[in-house]
Amino acid sequence: KMNVMSYFVLFLSISGILVTFLYRDPLFRETLRYTLQGIFLVPLFYFSIKHHKHLFFRLLNTKAFIKLGQYSYFIYLIHVILINILEELAFKNNIIALIFFSLLGSLVYAVLLDNIIDVHFRKLRKKYR
């Protein structure tokens, strides 16, 4: 069971991550930002493993989040490229449409790669384990 100190550490961790996204200094964003995000993620990982049945973390074990975790690397690979293409082609002045179609396109790309390419590598992994 999580105690008050655990919730406090969790709050600081989440707050720290949010601050790294909100602080817009270019030097910070290209240097210290990712290091701090990694440090702030450690308590989240710890608590999500130690208290995996807690309501806050149970969501991470749902089928939808597990599947999203499988897709996350493919989404990471395509999202910036897709944002740049969509911004140039159609959505330079419409941020809502840009976000929506970038997210949708990244997700479609991830699902396709997972089902067309990665499925074969999963079979190989099972075969040679």
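Is the crossing of α1 and α3 left-handed or right-handed?

Analyst: The model is predicted, and what follows is computed from its atoms. The crossing of α1 and α3 is left-handed. Helix α1 spans residues 4-22 and helix α3 spans residues 32-50; their axes come within 9 Å and cross at roughly 150°. Angles over 145 degrees count as roughly antiparallel, and α1 and α3 are therefore roughly antiparallel to each other.

A second pair can be set beside this one. Helix α5, residues 63-89, packs with helix α6, residues 95-127, at an angle of about 135°, and the two axes are 7 Å apart. That makes α5 and α6 oblique to each other. Their crossing is right-handed. In the contact of α5 with α6, the residues divide into 14 nonpolar, six polar and five charged.

There is also a nonpolar patch on the surface, formed by Phe100, Phe101, Leu104, Val108, Leu112, Ile116, Ile117, Phe121, Leu124 and Tyr128. Together these residues have about 990 Å² of accessible area. One of them, Ile116, lies in helix α6.

Conventions:
Residues are numbered from 1 along each chain as its sequence is written. This is a predicted model: local features need pLDDT of at least 70, side-chain atom pairs count only at pLDDT 80 or more; totals for chains, interfaces and linings use all residues. Side-chain values use heavy atoms; hydrogens and water are left out. Axes are lines fitted to C-alpha atoms, for helices over the stretch in contact, and angles run from 0 to 180 degrees between N-to-C directions. Helices (H or I, at least four residues) and strands (E, at least two) are DSSP runs, numbered from the N terminus. Angles under 35 degrees count as roughly parallel, over 145 as roughly antiparallel, 65 to 115 as roughly perpendicular and the rest as oblique. A crossing is left-handed if the near helix is turned anticlockwise from the far one by less than a right angle, and right-handed if clockwise. Ala, Val, Leu, Ile, Met, Phe, Trp, Tyr, Cys and Pro count as nonpolar, Asp, Glu, Lys and Arg as charged, and the others, Gly among them, as polar. Patches are made of residues with over 30% relative accessible area and no salt bridge: like charges are joined within 9 Å, nonpolar side chains (Val, Leu, Ile, Met, Phe, Trp, Tyr) within 5 Å. Accessible areas come from the Shrake-Rupley method with a 1.4 Å probe; for residues, only the protein chains shown count as cover. A salt bridge is a side-chain nitrogen of Lys or Arg within 4 Å of a carboxyl oxygen of Asp or Glu.
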